[in-house]
Amino acid sequence: MTIQRPPSSDGFQTLRWREERLELIDQRALPGRVDYHVCHTAADVARAIRDMIVRGAPAIGCAAAYGYALEAARLRDAAPVDFSTALDRACDALAASRPTAVNLFWALARMRAVRDASRQSPPAAIATRLLEEAHRISSEDVAANRAMGAHGAALINDGARVLTHCNAGALATAGHGTALGVIRSAVMAGKRVSVIAGETRPLLQGARLTAWELSQDGIPVTLIADTMSGRLMDRGEIDAVIVGADRIAANGDVANKIGTYMIAVLARRHRIPFYVAAPLSTIDPRIESGEAIPIEERGAAEVRGYAGLEWAPAGVAVRNPAFDVTPAELVSALITEKGVLRDPDRHKIAALFE
């Protein structure tokens, strides 16, 4: 089910809870339409994550938490054994929706912990506590993003021209954004900042989402093809790079949208700072290095064409890894809600959790 309204500059909510249902802005329809996709069950949310109706690691985590809460609410009058079995199935379905973004598994672990702590309570009471936890996860994400923005804004000089890749804004979170949140906070602090957005193939999240989101806020944005960033760096037209992340390993290696690694290499070649903005929930201390991060391989149709238009020969072989890994040695600083971590490594990242 989809709710439609015309685009508006009055702001938007990536996800919102209304009348016992979860509404997600359908990011496949942007920038042409602002549609809200309605989810009533955990299966609805899992499908929305898998189909990229909702995307961005923090937003996926928040959506999964609400999906778990939806299933609990749907079964609040069920027998305890049926309630427990259904929640296990819901958790499995949500966990299988996308493999790389660790926020998904982090949020589900929090929801399971609440459920486990309430096992002696009736299903209706557990459902209420699970919804409260989903609301808490969403609120904490916005607070973390604003804290990240405040810390990271100090790294952005007045007049800076900042390159970003994919979309790490309010659309990828519960609000404010990670990489774009830093830029927003710098602008709110009175700095003049302009953004260069790579289009981010194959699904064009930079062209469709970042350019739209920044335009809504009145922040100057220039769109480029992904292959143009080296040329602009060589001409001195980029002052900093800031991106988000889907998973960060214990040693500081960063998994982000495919193409990020190439930008990091170019930034190092041209002595341009390369910043990663991500909440602590995106750091996975169980993963030793980027080599162990699971990389989602998506369907061939996303590369052969887009939105019904095919430009490649039918049946041509395709590789479509959705993410790549940037080694920690290429990251100038990691921006988290706890502050700025320059030249991140295993010991500095471990200290964040102490």
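# Reading the sheets, helices and cores

Q: In what order do the strands of the open sheet of seven strands lie?

A: Strands of a sheet pair through backbone hydrogen bonds, in either a parallel or an antiparallel sense. Here the order across the seven-stranded open sheet is β7-β6-β5-β8-β11-β16-β17, and the pairing is mixed. Strands (E, at least two residues) and helices (H or I, at least four) are DSSP runs, numbered from the N terminus, and two strands pair if DSSP finds at least two bridges between them. The model is predicted: local features need pLDDT of at least 70, side-chain atom pairs count only at pLDDT 80 or more, and totals for chains, interfaces and linings use all residues. Residues are numbered from 1 along each chain as its sequence is written, and side-chain values use heavy atoms, with hydrogens and water left out.

Q: Which are the edge strands of this sheet, and what is its average twist?

A: β7 (221-224) and β17 (339-342) are the edge strands, each pairing on one side only. From one strand to the next, the twist averages 25°. Angles run from 0 to 180 degrees between N-to-C directions, and axes are lines fitted to C-alpha atoms, for helices over the stretch in contact.

Q: In which sense do β5 and β6 pair, parallel or antiparallel?

A: β5 (residues 161-164) and β6 (residues 194-198) are joined in the parallel sense by four bridges.

Q: How is the packing of α5 with α6 described?

A: Two packed helices are described by the angle between their axes and the distance between the axes. For α5 (residues 123-153) and α6 (residues 179-188), the angle is about 65° and the axes are 7 Å apart. In this contact M148, G149, A150, G152 and A153 of α5 meet G181, V182, S185 and A186 of α6. These residues divide into five nonpolar, four polar and no charged.

Q: Is R146 buried or partly exposed?

A: R146 lies in α5. It counts as partly exposed because its relative accessibility is 47%, where buried means under 20%, exposed over 50% and partly exposed in between (1.4 Å probe, protein chains only). The C-alpha atoms of R146 and R184 are separated by 9.4 Å, although the two residues are 38 apart along the chain.

Q: Which residues touch the most other members of the largest nonpolar core?

A: In soluble globular proteins, nonpolar side chains tend to be buried together. A nonpolar core is a set of buried Ala, Val, Leu, Ile, Met, Phe, Trp, Tyr and Cys residues joined through side-chain atoms within 4.5 Å. The largest one here has 44 residues, of which L15, L22, L24, V45, Y68, M111 and L130 touch the most other members. Its largest share, 12 residues, comes from α2. Leaving aside neighbours within four places in sequence, M111 is in contact with A65, Y68, A69, L130, E133, A134 and I137. A second, separate core of 26 residues includes I224, V241, F274 and A278.

Q: What is the strand order in the sheet of four strands?

A: This open sheet has the order β12-β9-β10-β15, with mixed pairing. Within it, β9 (residues 247-249) and β10 (residues 254-257) run antiparallel and are joined by two bridges. Helix α9 packs on this sheet too, touching β10 and β15.

Notes
Contact = heavy atoms within 4.5 Å. Nonpolar A, V, L, I, M, F, W, Y, C, P; charged D, E, K, R; others polar.
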